[in-house]
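I open this notebook to record what I looked up in the structure shown below. The entries follow the order of my reading.

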2 protein chains.
Amino acid sequence: MEKPWATLGIDLHLQPAGGGVRRGLTVALRDAVRTGRLAPGTRLPSSRSLATDLGLARNTVAGAYADLVAEGWLTARQGSGTRVADRPVPPPARHPDPTPSRTGRPAYSLIPGSPDLASFPRTQWLKAARRALAAAPNDALGYGDPRGRAELRTALAGYLARARGVRTDPDRIVVSAGFAHALRLLSQVLHARGLRTLAVESYGLDVHWSLAERAGLRTRPLPFDASGTDPDGLAGERAVLLTPSHQFPMGVTLRPERRAAVVDWARRTGGLILEDDYDGEFRYDRQPVGALQGLDPERVAYTGSVSKSLAPGLRLGWLMVPEWLAEDVVRRKRTIDLGHPSVDQAVFARFLERGDYDRQLRRCQRAYRERRDALVAALAEHFPGAEVSGIAAGLHVIATLPERYGPQDRFLARVAGAGVAVRPLSDCRYRPGGDPGKAAAVRLVVGYAHLSPGRIREGVRLMAEAV
Amino acid sequence: MEKPWATLGIDLHLQPAGGGVRRGLTVALRDAVRTGRLAPGTRLPSSRSLATDLGLARNTVAGAYADLVAEGWLTARQGSGTRVADRPVPPPARHPDPTPSRTGRPAYSLIPGSPDLASFPRTQWLKAARRALAAAPNDALGYGDPRGRAELRTALAGYLARARGVRTDPDRIVVSAGFAHALRLLSQVLHARGLRTLAVESYGLDVHWSLAERAGLRTRPLPFDASGTDPDGLAGERAVLLTPSHQFPMGVTLRPERRAAVVDWARRTGGLILEDDYDGEFRYDRQPVGALQGLDPERVAYTGSVSKSLAPGLRLGWLMVPEWLAEDVVRRKRTIDLGHPSVDQAVFARFLERGDYDRQLRRCQRAYRERRDALVAALAEHFPGAEVSGIAAGLHVIATLPERYGPQDRFLARVAGAGVAVRPLSDCRYRPGGDPGKAAAVRLVVGYAHLSPGRIREGVRLMAEAV
């Protein structure tokens, strides 16, 4: 005997946008089976009877039944009518949030890594998008060159030659999703060519070292002194990851004789330098130092991105590779992701061509210089005797506090308690731990680009009050 | 003795947009060293003398010299003045184009895989971009949740539940760069959990099988018959890649009893089904078949993308994973690319929320149905006796031509000579080669969505004339 529609316990919401009455009925029935309101084995009304009950055409109901039979929710057998399929529906799964909790987010974060997202040029970006979408040929929306759109590679080549002294050729540029993506791609290619060890700087980001290691490369730290990374440590190595224009996080610019020595090492041994030019555009007191790549494009793989100059969320960067690596890199790029989103590329190409990128960099340069000055002044005022280094460039400084502020663990705990997030320099050492002889000293990597001068002063003041 | 400026052979172009006079001088000198116009060891004029010569301030010239010394192009030694660094500059590298030549591109391509790029809704997309950029908080431009933007995952969950019968939870959606990206991510995660073999369909895309293999998985094809892939072949397997709603390329919809059998296999054995729902939205003669995932979200990892519905160039897709896989997938996603571009995500979320996606699908559905009908009619007219199958859904059909058109190699050569690109079905077999008993028959996978009805008719006519 068939139950009347109402007792089936089905909520029938017809969604006009969702494909009309038949779609609405299908969704409602499917939900009822899913949630267990229609138990396995339940016999449904005949399509004729349900249609009459609901005031629908019989074909509509028969169609919905057929769809759900096709999907496996219902079964239809000669003589036994339409029934809910005899397969237990699993209980709704629990859904823990795999990201860390946001509660307890600090009031002030002096953690480096982000530019000022509030100064992202939304209006100019949108204008570039309008022009790019109006002008792009249809095939710009299809699967494209794995290196990226030709107009973006051409615009990048011009910009990088002019602003960073990079020796460029649009054919050798690969558009990437940022430095991590480029490092991963290069590490895989180099591993496939037999590389087993990547020399790295003694200071840097653990996430980068891990990336190379996941591609099968051991990492080995190079000696580091006041002049930066010492190229003498490169003997026996075949590849090195460097931040020559502005060492991260120490802020040192690799000295001319060391730049020359690194390139000489690469030429002599056939080695490769991976140049991470992560914030080379930002130099406050003089002109930016040109990229190392310009000294010998066949021995340097050069990477940059918009993560510090525009916004990390764009996930847009570039990689310029020596000729002998180009084919391998492009082939692997093609197999791993079929290229970077093409509309974004067309927009950024316009943005570059129209001079918007230069204007944005100049605007940020002025703002960040002011912020840096505010930070340096606030540290001098609230932490008398602090040494501040790496101030010439970039989006962060190194602050070494007098010993009386130590030990570091206690300092960090108190500052965190006051709602200020800071990063100790020890987090950025290849071998975790303080510097020899400065075990007790508190050394911090302090980012300032993302905060207004007022918030910088307030954050530093709060930090001083807490300790 | 210092040479006068003019004889140094330097082209000094001052670029107003490039940072002023000092920048222009630096660029010109660097180029002169690079190109060899200033030979290694050449002594440069003193800064005072060159400044007088050029009518510049002495500091400007001294600054440019200092920059180039810092970059390693010049050397400055007490008593010996400023000289071009004594390191040979390598000759300019040759730059072969690593992509295949575009010459000889066919006049008509009936290769499947692309939607109609001309119907990409540029105006609506730009409107969505304007709204998204106006509304997005600043932190939308920063490093975000590796799963993707919450508003997009929420909008996708609603859409997929409604349109595809997917059992959704925004927390379990991961925004991807399309199916290949999702398959690679899943293959790596499954390999890390001990999987060594992935069962696949006997027909599909070699590029997908290769992707899984590069992640360390062997692939093993399942038996295939007129009802599609036979789940009996799953005994002993732990994971299977399927296109259940619309087998690629054969066009079969997996029958209800086989859908049930696959899910039962997965439940019984703890196996995983990777559902590639690549064109599930497009079904012409009845409502789309819902996703297999809805039958058991804990045993199915579901993937889809905008590559067939909007444009492959957006590189935007989604992956919905069972709870027991979610943490591994999110962790690996975080380490490989730090998430998908966030502005694109915000735009697509708006596009979905505003109903633009539904409207676009309906528009395409009408257009593609007309194109399919044109193709079927043209094949009937120009290739009498051809069997056309897989016409109920998707963006392509299978055409089996009468034996008199064979053998296939000769057919393909003649058609290519006439400027028509077609894909033989044998390209999509796991084991290359024709079907047993049909060795001589020509079987083609013919895409139609990207061509107007007129061009479809013309392409088929040309093909018929050629053979």
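I began with the burial of helix α10 of chain B: ten of its twelve residues are buried, so the helix is largely enclosed by the rest of the structure. Buried means under 20% relative accessible area (1.4 Å probe, protein chains only). Among the buried residues I noted B:D344, B:F348 and B:L352.

I noted that this is a predicted model, in which local features need pLDDT of at least 70, side-chain atom pairs count only at pLDDT 80 or more, and totals for chains, interfaces and linings use all residues. Residues are numbered from 1 along each chain as its sequence is written, chains are lettered from A and ligands numbered from 1 in the order in which they are written, and side-chain values use heavy atoms, with hydrogens and water left out.

I then asked what the buried residues of α10(B) pack against. Their partners include α10 of chain A, as well as α4, α5 and α11 of chain B. Helices here are DSSP runs (H or I, at least four residues), numbered from the N terminus.

I looked past the end of the helix: α10(B) is followed by B:G355, whose phi is positive, near 80 degrees.

I turned to the two chains. Contact (heavy atoms within 4.5 Å) takes in 99 residues from chain A and 100 residues from chain B. I looked up the salt bridges between chain A and chain B and recorded a count of zero; the term requires a side-chain nitrogen of Lys or Arg within 4 Å of a carboxyl oxygen of Asp or Glu. On the side of chain A that touches chain B, helix α4 of chain A gives the largest share, seven residues.

How values were computed: Buried < 20%, exposed > 50% of the residue type's maximum accessible area, 1.4 Å probe, protein only. Helix = DSSP H or I, 4+ residues; strand = E, 2+ residues; numbered from the N terminus.
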